[in-house]
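Subject: Structure handover

Hello,

Here is the structure I promised to pass on. Please open it first, then read my notes on its salt bridges below.

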Amino acid sequence: MRVKLTYGRSGLEVNVPDTAVILEPRHVTRLADEDRQAAESLRHPVGSRPLKEQVKSSDRVCIVISDITRPTPNGKLVGWLLRELSHVPDRNFMVLNGTGTHRDNTPEELARMLGHDVMRRVRVVNHHASDAAALVHLGKTRCGAEVLLNREFVESDFKIVTGFIEPHFFAGFSGGPKGVMPGIAGMETILHFHGAPLIGDPRSTWGILDGNPIHEEAAEIALLAKPDFLFNVALNGDKEITAFFAGDMKTAHRAGCAYVKEQAMVKCPHPYDVVITTNSGYPLDQNLYQAVKGMSAAQAITRKGGTIICAAECSEGLPDHGHYGKILQMADSPRTLLDMIQKPSFRMPDQWQAQKQALVLTWADVFLYSSLSREVCERAMLKYTADIEATAKEQLRRFGADASLAVMPFGPLTIPYAG
């Protein structure tokens, strides 16, 4: 059986045994009339008055977007907002790129994300988590986090948070409050939010909001900034818009999560010996840091001691920026890596991704098919493969005649669970 995996920009076809189980989200057709439906969602929002009625022509409006590591259709979302708020002069708008701890996006990347018309009309700014002058302190959360958020966002007259909703490996779902936390938070706040105890909590996982300490902390922090309006979308496997969720941050996001969960949840009768996964293709698979999500999604249905084969292009490397690669070099095994991160004295940006990776690696063997060299792959504690089909066959032989194989062509866009 031939299966197309989402990989890079063009995909990757592999042959798998006919007995393989294919796990993918239910395909939802793109909206036929995006323009009309976008306007409808802004004029009839969830738990909120129509957007246009809330914004005065004199208001300074800040629109938060997702950075280049997400497939959010930023240009469309910002374009629809500018059209709906046409009574507000362009000079009153600022688009804030929610980079979190990621690198700045270049002017060329921002132009690809937003379109030249938006870039020409309004001011576009990258968020800087480590720039103290660009942050404002809003107090403490119940968990003791010092809340530092982007000053210009907090001090704007009207605050709009955009994004897209997908399953998330420790926040339950993306979108909603994650646009603020960690999108436009300060480094100190981000480090607390991604601390080992919260990341390691079993409730910090795919598809769970209630009782999920990561989601609850994100929501508490985001609401301290008093966002005025949420504008989120759901996407299908082809990165096409299938639904809009606009209005009050909490209620609109909840509605979106319920919708996405219905499409993404896939029940499996049992864990599998071998699972082939992806990281949903570009832009989500542009580095190994992001690809941990695909591995984590596969872990949920891989038997302990089994094998995960992850196809992620990693065109940007580990990446070279940030601390993720450095952290991986600070231990000689997944177990010692986990022990190091879980020490109360250990605090370093990107430790959360290394922690999640180590949790997967203590559960199963992980082979990586990517553009990375064998040396780089093995330094990251992963096994190298240049041939997914051959590796799958070898692993199935290792597990015996009754070995089972599952394939997740869209990676973490699916929430598989055994039960």
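Partly exposed means a relative accessible area between the buried limit, under 20%, and the exposed limit, over 50%. D157 has a relative accessible area of 36%, so D157 is partly exposed. Please keep in mind that this is a predicted model.

D157 has a partner. Its side chain meets that of R60 in a salt bridge, 3.3 Å from N to O. D157 sits in the loop between helix 6 (151–155) and strand 9 (158–164). R60 sits in the loop between helix 2 (51–54) and strand 4 (61–66). The pair therefore ties together parts that are 97 residues apart in sequence. R60 is partly exposed too, at 42% relative accessibility.

Next, the start of the chain. The side chains of R2 and E13 form a salt bridge at 2.9 Å, N to O. This pair links distant parts of the chain: R2 belongs to strand 1 (residues 2–5) and E13 to strand 2 (residues 12–15), eleven residues apart. R2 is partly exposed at 49%, and E13 is partly exposed at 44%.

Then a pair within one helix. R379 and E375 form a salt bridge, with their closest N and O atoms 3.1 Å apart. Both lie in helix 15 (residues 374–379). They are four residues apart, which means a separation of about one helical turn. R379 is partly exposed at 40%, whereas E375 is exposed at 54%.

Finally, a network. Salt bridges link D90, D117, R120 and R121. The total count is 24 salt bridges.

Best wishes

Methods: Residues are numbered from 1 along each chain as its sequence is written. This is a predicted model: local features need pLDDT of at least 70, side-chain atom pairs count only at pLDDT 80 or more; totals for chains, interfaces and linings use all residues. Side-chain values use heavy atoms; hydrogens and water are left out. A salt bridge is a side-chain nitrogen of Lys or Arg within 4 Å of a carboxyl oxygen of Asp or Glu. Helices (H or I, at least four residues) and strands (E, at least two) are DSSP runs, numbered from the N terminus. Buried means under 20% relative accessible area, exposed over 50%, partly exposed in between (1.4 Å probe, protein chains only).
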